[in-house]
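Welcome! Here is a short tour for someone meeting this structure for the first time. Please have a look at it, and then read on.

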Amino acid sequence: MIDSASWESALLELFGGALAFAAAGPRNHDDWRRDVQAVMTLNVPDPRRWGSLNVTQSGPGSEKSPETPFADLRLEEFDSLLYRVGYKSASQLLVALQGEYYQSSNIPDFENRKERLFECADIVLSRFSTEAVYYTNLAAARVDPDMDLLNPDAEWNCLSRFTTDCGLVVVSDSEVGVFWAFDED
């Protein structure tokens, strides 16, 4: 069973050392987009009081940024920027996000770390119900929600103030999760 320690360890394994955002929030609205927006804008705490990551500045003293890395998005924009994907694709994407250009082939020592990285992705996703729904800003998911996202050769709809970003939104009946990586050219 997942607990705070396993959640935080999995987040660090997947996103530690990268420009990344990983947080969860409550479902307070019928419209899940409101809840995702609240997490992205740092307007709600984690309902379980578990750890989150918001490492979105590089350089000395940038362990955590108090500001949101995301653009000021209207709810309607989520419909054109995010595409639904299946569980397997969501799990693959959580792993690939730590690689340069969101490619698992760019993760150092990937073959030796692959099993552990997928365990961490499963831990993160297990927080949400088995009926959870997953969304990504990877444009190719618009036509194939079950595509292999370990090494997607695609473009991303940018949702942040960075040059590129890629991520996963998880929506369950009681919580939402936002998991994102960023790059600045």
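## A helix across the sheet

Helix α4 (residues 87–96) lies across β3, β4, β5 and β6 (175–183), running at about 135 degrees to β5. Here helices (H or I, at least four residues) and strands (E, at least two) are DSSP runs, numbered from the N terminus. Angles run from 0 to 180 degrees between N-to-C directions, with axes fitted to C-alpha atoms, for helices over the stretch in contact; contact means heavy atoms within 4.5 Å.

This is a predicted model, in which local features need pLDDT of at least 70 and side-chain atom pairs count only at pLDDT 80 or more, while totals for chains, interfaces and linings use all residues. Residues are numbered from 1 along each chain as its sequence is written, and side-chain values use heavy atoms, leaving out hydrogens and water.

## The sheet itself

The chain has five helices and six strands, following the pattern α-β-α-β-α-β-α-α-β-β-β along the sequence. An open sheet of six strands runs in the order β2-β1-β6-β5-β4-β3, with antiparallel pairing. At its edges stand β2 (53–55) and β3 (83–85), each with a single partner strand, so one side of each has no neighbour in the sheet. Two strands pair if DSSP finds at least two bridges between them. Strand β4 (residues 133–136) and strand β5 (residues 164–171) pair in the antiparallel sense over four bridges, and V170 in β5 is the bridge partner of Y134.

## A residue in β2

N54 lies in strand β2. Is N54 buried or exposed? N54 is buried, with a relative accessible area of 8%. Buried means under 20% relative accessible area, exposed over 50%, and partly exposed in between (1.4 Å probe, protein chains only). The side chains of N54 and T56 are joined by a polar contact of 3.1 Å, and the side chain of N54 also reaches the backbone oxygen of E67 at 3.1 Å. A polar contact is a pair of N or O atoms within 3.5 Å; within protein, one must be able to donate a hydrogen and the other to accept it, and residues adjacent in sequence count only if both atoms are side-chain atoms.

## Cysteines

The structure holds zero disulfides (pairs of cysteine sulfur atoms within 2.5 Å). The table lists two of the cysteines.

| Cysteine | Nearest cysteine sulfur | Relative accessible area |
|---|---|---|
| C120 | C166, 18 Å | 0% |
| C166 | C158, 10 Å | 0% |

For C166, that distance is too far for a bond.
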